[in-house]
Amino acid sequence: MLDQVRIVLVGTTHSGNIGSAARAMKTMGLRHLYLVDPQAVVDGKSVALAAGAVDVLENVTICDSLQEAIADCGLVVGTSARNRTFSWPMLDPRQCGEKAIAEAPNYPVAVVFGREAHGLSNEELQQCHFHVCIPANPEYSSLNLAAAVQTLCYEVRMAWLAQQNDGDQQGEAEQSEAADYPLASQLEQFYQHLEQTFRETGFIIPQHPGAVMTKLRRLFNRARPEMTELNILRGMLSSVLRPTPKQASNDDGKDNQD
């Protein structure tokens, strides 16, 4: 199950942080590191700070966008250290670890970390099912990237160990509940379908779209529809613009008259 959990670093600017994150991952048994649009390359400093976790660096996956890095994931958790304009379903680090291990048997799980200076953008956070915030000292809450990776990887490992000790009974029960969740790429296709439909019906005005899609993403992320439910929603969207039999018959009649 630990092999199903990937750590995703977005826009990392210091090569040493990549190595330190790899070390933090390996100490907790994780080995899949994804770099999204990295601003630094894996170099000698990365290797030095990896301190024996060079195999993690050697197998790193580099992606151009977050959407590419999480396309095949069924659960995506983004780290956020501050309140946003629109609240999102939140987890604490322990809940993050437990949820990751509960759902890992069904599909890959991603834990996403942002840039050292300002974290993930609002657009990137909207691609996540949940946000997680580490409850650090409010008087000094500045965690470096590797420390944040270490904290959440530790919680993932603790949840995995607890499941082994429990004989996998709880994990099997939660696995059956999560088996039908869509992947991130399938959800993204739904959001595109939703926006296209609302644009064509005039509900969303292209010149003044407002925050409708952001709020709808939040709504559906909170509801977290299963795959069968998502198919129903997409079928409903398709039916909105599909001509009814009566309309089609009238259109045929007009053509014949012409």
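Trainee: What makes the meeting of the Lys 99 and Glu 103 side chains a salt bridge?

Mentor: In this predicted model, the side chains of Lys 99 and Glu 103 come to 3.5 Å, N to O. A salt bridge requires a side-chain nitrogen of Lys or Arg within 4 Å of a carboxyl oxygen of Asp or Glu, so the pair qualifies.

Trainee: How many residues apart are Lys 99 and Glu 103 in helix H5?

Mentor: They are four residues apart in helix H5, which means that about one helical turn separates them. Salt bridges with shared partners also join Lys 99, Glu 103 and Arg 224 into one network.

Trainee: Why does Lys 99 count as partly exposed, and why does Glu 103 count as buried?

Mentor: Buried means under 20% relative accessible area and exposed means over 50%, with partly exposed in between. Lys 99 has 24% relative accessibility, so Lys 99 counts as partly exposed, whereas Glu 103 has 4% and therefore counts as buried.

Trainee: How do you know that Asp 72 forms a salt bridge with Arg 6?

Mentor: The closest N and O atoms of Asp 72 and Arg 6 are 2.9 Å apart, which is within 4 Å, so the pair meets the definition. The pair links distant parts of the chain, since Asp 72 sits in the loop between helix H4 and S4 while Arg 6 sits in strand S1, 66 residues apart. Arg 6, at 6% relative accessibility, counts as buried, and Asp 72, at 36%, counts as partly exposed.

Trainee: What ties together the parts of the chain that hold Arg 94 and Glu 155?

Mentor: The side chains of Arg 94 and Glu 155 meet in a salt bridge, at 3.1 Å from N to O. Arg 94 lies in helix H5 and Glu 155 in helix H7, so this pair ties together parts that are 61 residues apart in sequence. Glu 155 is buried, because its relative accessible area of 9% is under 20%.

Trainee: Why is strand S6 called largely enclosed by the rest of the structure?

Mentor: Five of the five residues of strand S6, residues 109–113, are buried, so the strand is largely enclosed. Val 109, Val 111 and Phe 113 point one way from S6, while Ala 110 and Val 112 point the other way.

Trainee: Which strands pair with S6, and in which sense do they run?

Mentor: Strand S1 pairs with S6 in the parallel sense over five bridges, and Arg 6 stands opposite Ala 110 in S6. Strand S4 also runs parallel to S6, joined by four bridges, and Val 77 has Val 111 as its bridge partner in S6.

Conventions. Residues numbered from 1 in each chain as written. Predicted model: local features only at pLDDT ≥ 70, side-chain atom pairs only at ≥ 80, totals over all residues. Heavy atoms only, no water. Buried < 20%, exposed > 50% of the residue type's maximum accessible area, 1.4 Å probe, protein only. Helix = DSSP H or I, 4+ residues; strand = E, 2+ residues; numbered from the N terminus. Pairing = 2+ DSSP bridges.
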